[in-house]
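Biologist: Could you walk me through this model and tell me what stands behind each label? I would like to set every term against its cut-off.

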Amino acid sequence: MNSRFLKKTFLIILLLLAVCRAGAQNPIRLVIAGLNHDHIHGILKQFNNGQVNIIGIAEPDKQLQLKFKKQYHLPDSIFYDDLKKLVILKKPDVVLGYNPVAQHLAIVQICAPLGIPVMVEKPLAATLQQAKQIELLADKYHVKVLTNYETTWYPSYHDIYTAINNDSIGPIKKMVVHDGHQGPKEIGCSPEFLSWLTDPVLNGAGALNDFGCYGADLITWFMNGQRPIAVTAVTHHYKPDVYPKVEDDATILLEYPGSTGLIEASWNWPFSIKDLEVFGQRGYIHALDGTNITMRLRENINSVKRAAPLGKPINDPISYLTAVLRNQLPAADDLSSLKYNMIVMEILDAAKRSAASGKRIAL
């Protein structure tokens, strides 16, 4: 084997490595479905900063198109009226749903037969029946359908999850999750967001769906995908003049063998809160927010710390999505997975039935 051949072979290998490295660095190609969800501002800011690659936005409302076109200086060429035409033309890597929860199924009905993965903003669907149809489509066409929650990317929650799995406080006995704020109207949500968020059909419920899903997802994660054996819920309608169609406060009790989960979801609190408490046999850990944690052991040993930032690919939805699409993460048993979010939908459905009937609902 001569040196000329070896040199040529070496150059080819270097070229292939360079191509692979460049391919790995190429951002995934995203299509946005809908603009009437206020979470859309986060990803459009990332787009303006060059952090994500949005190749198209499907939004039938011309006024909404114009609003975001002006606000984020978006080109006319990026907007489409019809999602199906857009995805067939552009062939994106994934579609992200920023539309009413009841319309998530329509996105999957378009994308799944085309082999296009989908990530929607929480919760997965407005009803359990819709979620089951989504699951059937995902299984039939072998596509990923994921759900994005703000709290999935909280370093404090991952820190506690690791601590529990390292047996720092013993077996879990109780989990308490608070999620809520003063109310979507009170905090200034946009009119187009409010119009469906406070609608029992388009959102599936009020605060119960909007904020109850966070706790249901987190508790399912901490219980490693175990379904509760029963669900009991109480809802209140404290502000019928502001939210005439839906409840604005929900308390949901989940029963597991040997432990319980308590979800408190509200549009009636004096401030915004997303926190998590876990009581173990030997101690207690409380994530006050996305970063700060307090811990207390049985011996009355207290500690306070800040959780270390999460590393890629579990630090934000786009890094996570990229890893999933490149088969670096399975997305099978985690906070975004379809498997866990089907359990979330079972919990929310049982909570609605319990609140309506005043009965404990066995699953």
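Biologist: Helix α10 (residues 317–325): what makes you describe it as mostly covered?

Modeller: Seven of the nine residues of α10 are buried, where buried means under 20% relative accessible area, exposed over 50%, and partly exposed in between (1.4 Å probe, protein chains only). The buried ones are Ile318, Ser319, Tyr320, Leu321, Thr322, Ala323 and Val324. They pack against β1 (29–33), α2 (40–48), β4, β5 and β6; contact means heavy atoms within 4.5 Å. Helices (H or I, at least four residues) and strands (E, at least two) are DSSP runs, numbered from the N terminus.

Biologist: Before we go on, what kind of model is this, and which pLDDT does a feature need?

Modeller: This is a predicted model, in which local features need pLDDT of at least 70 and side-chain atom pairs count only at pLDDT 80 or more, while totals for chains, interfaces and linings use all residues. Residues are numbered from 1 along each chain as its sequence is written, and side-chain values use heavy atoms, with hydrogens and water left out.

Biologist: What is the mean pLDDT of the chain, and where is the pLDDT below 50?

Modeller: pLDDT is the predictor's confidence in each residue, from 0 to 100. The chain has a mean of 94, with 93% of its residues at 70 or more. Residues 11–23 fall below 50, and beyond near neighbours in sequence that stretch has one contact in the model.

Biologist: Why is the β-α-β crossover from β4 to β5 called right-handed?

Modeller: The test is to point the strands away from the viewer: a crossover is right-handed if the path from the first strand over the helix to the second runs clockwise. The path from β4 through helix α5 (residues 104–111) to β5 is right-handed. β5, helix α6 (residues 128–141) and β6 make another such right-handed unit.

Biologist: What makes you say that both faces of β5 (residues 118–121) are covered?

Modeller: In a regular strand the side chains alternate between the two faces of the sheet. Val118 and Val120 on one side, and Met119 and Glu121 on the other, are all buried.

Biologist: Why does Val120 count as buried?

Modeller: Its relative accessibility is 1%, so Val120 counts as buried. Setting aside neighbours within four places in sequence, Val120 is in contact with Gly97, His104, Leu146, Thr147 and Asn148. Of these, Thr147 in β6 stands opposite Val120.

Biologist: How do you know whether the radius of gyration agrees with a compact globule?

Modeller: The radius is taken over C-alpha atoms, and the globule rule is 2.2 Å times the number of residues to the power 0.38. For 363 residues a compact globule would be near 21 Å, and the chain has 22 Å, which agrees. Buried residues make up 52% of the chain.

Conventions
Pairing = 2+ DSSP bridges.
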